[in-house]
Amino acid sequence: MLENAPGLERYTPTRLDWLLVLLNARFQIEHPFRLYFTTGNDGKSICVVVSHSAAVDKRLVDKWINRTKDVVLEVATSYGWDSWLEVKVDIHEKE
């Protein structure tokens, strides 16, 4: 194995990078709507991105968004990061 291979270069993720990878690995939803996570541009937020068709039950979407926000804060709390983390939501409705 090459010692200078690009994949072996050390990298330390930020707290938001770490949360983003963890949340997307464990909690993405693909059906009946799409839900995934991105980082905010402010250095202190995770954004729950939801896209769905107009035919999807909005109550179901709202229920999942609220639960997802709780899960994000539960994960942040497990690392002691809940004091600074903000959870934002970005909803896209497709026709």
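Modeller: The radius of gyration of the chain is 16 Å, whereas a compact globule of 95 residues would have one near 12 Å. This is a predicted model, and its C-alpha trace spans about 55 × 30 × 20 Å along the principal axes. Of the 95 residues in the chain, 31% are buried. If contacts between residues at least 6 apart in sequence are taken, 57% of them join residues at least 24 apart.

The chain holds 2 helices and 3 strands, in the order α-β-β-α-β from the N terminus on. The part you ask about is the packing of helix α1, residues 15–27, with helix α2, residues 58–79. The crossing of the two helices, α1 and α2, is right-handed.

As for the side of α1, the residues in the contact are Trp 18, Leu 19, Leu 22, Leu 23 and Phe 27. On α2 they meet Val 71, Val 72, Val 75, Ala 76 and Tyr 79. By class, the residues of this contact between α1 and α2 comprise 10 nonpolar, with no polar and no charged ones.

Conventions. Residues numbered from 1 in each chain as written. Predicted model: local features only at pLDDT ≥ 70, side-chain atom pairs only at ≥ 80, totals over all residues. Heavy atoms only, no water. Axes fitted to C-alpha atoms, helices over the stretch in contact; angles between N-to-C directions. Helix = DSSP H or I, 4+ residues; strand = E, 2+ residues; numbered from the N terminus. Left-handed = near helix turned anticlockwise from the far one by under 90°. Contact = heavy atoms within 4.5 Å. Nonpolar A, V, L, I, M, F, W, Y, C, P; charged D, E, K, R; others polar. Rg over C-alpha atoms; globule rule 2.2 N^0.38 Å. Buried < 20%, exposed > 50% of the residue type's maximum accessible area, 1.4 Å probe, protein only.
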